[in-house]
Structures are given as structure tokens and as C-alpha cells.
Amino acid sequence: MLVGLAIAGPALTACGPPISAIELAVEDRSGQAIKDNTALKASILTDINNRIGTKTAALMSVDVYEGRVMLTGAVEKSAERTKIIEVVKAHPDTSTIFNEIQVVDPDAESSFVDDVVIDKKFYGKLASTSGVSHTNWRWRSVNGTLYLFGRALNQAELNKVVSIARDTENVRKVVNHAIVRPK
């Protein structure tokens, strides 16, 4: 059976702990951009919860960075995946949508615990690597696939983060949706 996390509302989070005031001060988005992205995320989550249901909302994650939306998680039916994308497309502030929601057999063994471990190991490596602005990154692990999202300040940083992801134990695949944009 699928296992999910409850959605915590509009709190600013990367994988792991909420972003602190110190991290917000060093992130390379403006306060207004962070506020706009948080509002968009909250609006999308509310609509998914209201229009599709709390069970579906609990099995997925919505990450927003500079108006770009990355959807990850697992659902039992392709119709749920289709409904989710329709809900997100209805938000005019969304510039790009990366729909990485996996459709999985409800009887398949869940790798939720493995994904939490992958997330934590990746974060530890990312936060301790020089030349990486970890506050600009979002990531999600779903069934051993590590999805990268956010912003690298240069190509070298992007290459480093992708390499860290590939070298993280139990990661079977890395999908990169991050962009390179200098300050």
C-alpha cells in the first residue's frame, strides 16, 4: 500500500527542515519572489486537496521555484496524475510544470523509508560541499529517483550537485530540472 506524508500547508520547505530566516537571507531569490512562490504553492496544494482529495494530496509534493512547478510523488491511477496536472495548469502564475508523479501499483512495496534516507543523505552532502548554494535547491526522492529542482549559480555548481546526487547511496536515477542563472 502507498504511504504518504501529510501536506503541511504553505510553509517554506526544501526536503528536510523548513528554511530558516538565516537561509532566507542568503537565498538568491528576492523576498517578493519567495512570497509569490509560497503563495503559488499554497494555492496549488489547496486546489489539489479540494478538487481531488486529501489522499492524493498526501501522496505527492509540490515544489515551486521562480514560478516553475515540480510535482513529485506516487499515485495509484493515471487519472489522478492527469487531474493533478489539470489543477496546476489552471494557475496562471505557473510558468513551467514538471510532472514527475509516478503511477504505481497500489500493492507494490513502498520505498518511502528509503526515499527519506536518500533525501537526508543527499542534503548532508549538499550542505557540506563548498561551491554549492544549497538554499537554492529543492529535491525529492521517489522510489529511488532523485529529482533536482531550483537554481545553480553556474554550470560548475550544477555539475557538482548532479554528481553528488548520482553518488548518493541507493539513488537509482537522477532527473535534473534545475536551471543555471548567475546572481
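Me: Why is Tyr-123 called partly exposed?

Reply: The relative accessible area of Tyr-123 is 25%. Buried means under 20%, exposed means over 50%, and partly exposed lies in between (1.4 Å probe, protein chains only). Tyr-123 therefore counts as partly exposed. The model is a predicted one, in which local features need pLDDT of at least 70 and side-chain atom pairs count only at pLDDT 80 or more, while totals for chains, interfaces and linings use all residues. Residues are numbered from 1 along each chain as its sequence is written, and side-chain values use heavy atoms, leaving out hydrogens and water.

Me: What makes Trp-139 and His-91 buried?

Reply: Trp-139 has a relative accessible area of 1% and His-91 stands at 8%, so each value falls under the 20% limit. His-91 belongs to the loop between helix H4 (78-89) and E3; helices (H or I, at least four residues) and strands (E, at least two) are DSSP runs, numbered from the N terminus. Leaving aside residues up to four places away in sequence, His-91 touches Leu-40, Ser-43, Ile-44 and Asp-47, where contact means heavy atoms within 4.5 Å.

Me: Why is the pair of Tyr-123 and Trp-139 called stacked?

Reply: Its planes make an angle of 20°, with 5.7 Å from centre to centre; the angle is under 30 degrees, so the pair is stacked. Tyr-123 is in helix H5 (residues 112-127) and Trp-139 in strand E4 (residues 137-142), 16 residues apart. Ring pairs also join Phe-122, Tyr-123 and Trp-139 into a cluster.

Me: How do you know that the length of H5 agrees with its number of residues?

Reply: The expected span is 1.5 Å times one less than the number of residues. The 16 residues of H5 should therefore span 22 Å, and the end C-alpha atoms are 22 Å apart, which agrees.

Me: What puts the buried residues of H5 on the same side?

Reply: The buried residues of H5 are Asp-115, Ile-118, Asp-119, Phe-122 and Leu-126. They cover an arc of only 100° around the axis, which places them on the same side of H5; the arc is that of the directions from the helix axis to the C-beta atoms. These buried residues pack against E4, E5 and helix H6 (155-166).

Me: What makes E1 and E3 edge strands?

Reply: Three strands form an open sheet of mixed pairing in the order E1-E2-E3. Strand E1 (60-65) and E3 each pair on one side only, where pairing requires at least two bridges found by DSSP. E1 and strand E2 (residues 68-75) pair in the antiparallel sense over six bridges.

Technical notes. Phe/Tyr/Trp six-rings, centres within 6.5 Å; stacked < 30°, edge-to-face > 60°.
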